[in-house]
Amino acid sequence: MTRRYWNIHLEEMMEAGVYFGHGTRKWNPRMWPYISAKCKGIHIINLTRTARFLSEACDLVFDASSRGKQFLIVGTKNKAADSVARAAIRARCHYVNKKWLGGMLTNWSTTETRLHKFRDLRMEQTTGRLARLAKRDATVVKRQLSHLQTYLGGIKYMTGLPDIIIIVDQHEEYTALRECITLGIPTICLIDTNCDPDLADISIPANDDAIASIRLILTKLVFAICEGRSSYIRNP
């Protein structure tokens with residue numbers, strides 16, 4: 001794996017509040033190696049470990065994107081949704097930021113059928129065919145299209161299983177993580193002090209409740225993906 005310098009500084013992680021964990025009563029003992037202290041009933045995350053694993057994750061996604069691999073970014077809670085969408089669009093990745101539909105990956109044939117339906121409805125809307133439907137029928141179709149846009153809009157161009165999945169908040173996206181484990185898809189997880197660091201291929205210890213923290217981690221990963229894509233374009 002290529003080793004590169006990703007300009008990861010402890011100072012910016014401090015400013016983003018990456019070091020704040022959950023309360024000491026709400027933690028997973030397996031996270032102990034990633035915790036540096038306790039302060040006023042809150043676990044403090046060891047940012048040196050965060051920088052190390054974030055750097056490893058950046059190396060992984062750089063190498064993968066430089067070989068044309070596809071990524072899926074998952075983060076559905078309110079504090080993560082906007083950051084996930086912006087990061088994915090910037091890096092030309094697929095994303096899920098509203099709700100993970102059970103079986104989205106493990107039952108890919110069903111997901112693929114839904115995506116085909118979604119694309120067909122979008123085409124009908126673009127060509128004006130929906131305008132020619134009866135009012136009641138048009139209302140039903142538009143409602144269906146809106147539903148598909150909400151839950152599948154971020155993966156509408158996905159034609160197969162992704163090569164690597166980036167997950168924001170292991171607890172919130174546990175179903176998605178289990179599907180990745182079942183299918184053997186490599187995962188990069190942002191994990192807080194209440195998570196299990198052994199479930200993902202690369203676990204990045206960080207505050208998963210602060211928007212600034214989530215945005216910082218995603219920004220670093222997206223930069224690495226974009227750098228890798230540039231390398232792939234220059235050396236196809």
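I looked up the salt-bridge network first: Lys 77, Asp 169, Asp 208 and Asp 209 are linked in it. I took a salt bridge as a side-chain nitrogen of Lys or Arg within 4 Å of a carboxyl oxygen of Asp or Glu. The model is predicted, with pLDDT of at least 70 needed for local features and 80 or more for side-chain atom pairs, while totals for chains, interfaces and linings use all residues. Residues are numbered from 1 along each chain as its sequence is written, and side-chain values use heavy atoms, without hydrogens and water.

I noted 2.7 Å, N to O, for the salt bridge of Asp 169 with Lys 77. Asp 169 lies in the loop between strand 6 and helix 6 (174-183) and Lys 77 in the loop between strand 4 (71-74) and helix 3 (78-91), so the pair ties together parts 92 residues apart in sequence. Helices (H or I, at least four residues) and strands (E, at least two) are DSSP runs, numbered from the N terminus.

For Asp 208 and Lys 77 I noted a salt bridge at 3.7 Å, N to O. This pair links parts 131 residues apart, with Asp 208 in the loop between strand 8 (202-205) and helix 7. I recorded Asp 208 and Lys 77 as both buried, and Asp 169 is buried too; buried means under 20% relative accessible area, exposed over 50%, partly exposed in between (1.4 Å probe, protein chains only).

I then turned to Arg 52, which forms a salt bridge with Glu 56, their closest N and O atoms being 3.5 Å apart. Arg 52 is partly exposed at 45%, as is Glu 56 at 24%. In total, I recorded seven salt bridges in the structure.
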